[in-house]
Amino acid sequence: MTQRRPLIAGNWKMNCLRADGLALASGLAAKASEKGTLGCDILVCPPATLLSDVVGVTKDSAVGVGGQDCHAAVSGAHTGDIAAPMLADIGAGYVLVGHSERRADHGESSTDIRRKAIAAHDADLIAVVCVGETEQERDLGATLSVVNGQVAVSVPDGATAKNTVIAYEPVWAIGTGRTASVAEVAEVHTAIRAELVKRFADGNEFRILYGGSVKPSNAAELLALEDVDGALVGGASLKLEDFWKIIETCA
């Protein structure tokens, strides 16, 4: 069996002013340093206003930093957007692309996401490609076709296990307190793995994260699943102790 190092990622979304964000990031870096040997990689994705500062306070620690989105273009007349090379320039190593909130709120398609992932790769960033079905799609029994379709289009042909992470987040479980059952998560992650293995020589080495109301009380059970290689954490990542407890499940 391929040994994939877990990744615990925190998506802060549109939260945290400077003081709170720096306290959270520095506290996480301190805990990681005190722990020494960690059983997983750690990533935080703060809002753009905090990226540079968070890179600064986590420098030389085990905490990686990523953006929450990037534009497909390297530069240009795209007011309010951030290019992947800009993220790399300030020290970010990752970027989320295709989060359901971007797909829903900004109308981003899987084709758009693929272009963003390519831009991330070109800037030497690791793209965390997000996929997931809505409640209506699950109720219709379309979960696997929707998710496999998103993976097929959103993940570019140039993806490798080194430059790409997949995050499965059922839309109906994000920020709702609802969590997919262990069986539901296992089914989808197994299907994603099969899609990756079909397309990529290193498909067994890609990390597939689960996201959707992950918290200390359910993290261990979810992370114990064979094809769950970490978590993309929302609300719980804003609370240092809760996020750290999730990280410790990988010890």
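Tutor: Start with the crossing of α1 and α10, which is right-handed. Bear in mind that this is a predicted model. Helix α1 covers residues 18-35 and α10 covers residues 240-248; their axes come within 10 Å and cross at roughly 35°. On the α1 side, the contact is made by Leu24, Gly27, Leu28, Lys31, Ala32 and Lys35. Facing them from α10 are Leu240, Glu241, Phe243, Trp244, Ile247 and Glu248. Sort those contact residues by class and you get seven nonpolar, one polar and four charged.

Now for the strands. Eight of them form a closed barrel, running β1-β2-β3-β4-β5-β6-β7-β8 with parallel pairing. From one strand to the next, the twist averages 25°. Zoom in on one pair: β4 (residues 94-97) and β5 (residues 126-131) run parallel and are joined by four bridges. In that pair, tyrosine 94 stands opposite isoleucine 126 of β5. Helix α7 (residues 143-154) packs on the sheet here, touching β5 and also β6 (164-168). The direction of α7 makes about 155° with that of β5.

Last stop, the largest pocket, with a volume of about 510 Å³. Its lining has 21 residues, and Lys13, Gln68, Asp69, Arg102 and His106 lie nearest the centre. Helix α4 (residues 100-106) gives the largest share of that lining, four residues.

Terms used
Residues numbered from 1 in each chain as written. Predicted model: local features only at pLDDT ≥ 70, side-chain atom pairs only at ≥ 80, totals over all residues. Heavy atoms only, no water. Axes fitted to C-alpha atoms, helices over the stretch in contact; angles between N-to-C directions. Helix = DSSP H or I, 4+ residues; strand = E, 2+ residues; numbered from the N terminus. Left-handed = near helix turned anticlockwise from the far one by under 90°. Contact = heavy atoms within 4.5 Å. Nonpolar A, V, L, I, M, F, W, Y, C, P; charged D, E, K, R; others polar. 1 Å grid on protein atoms, 1.4 Å probe; cavity = no way out; pocket = protein on both sides within 12 Å on 5 of 7 lines; lining within 4 Å. Points joined across faces, edges and corners; volume = space filled by probe spheres on them. Pairing = 2+ DSSP bridges.
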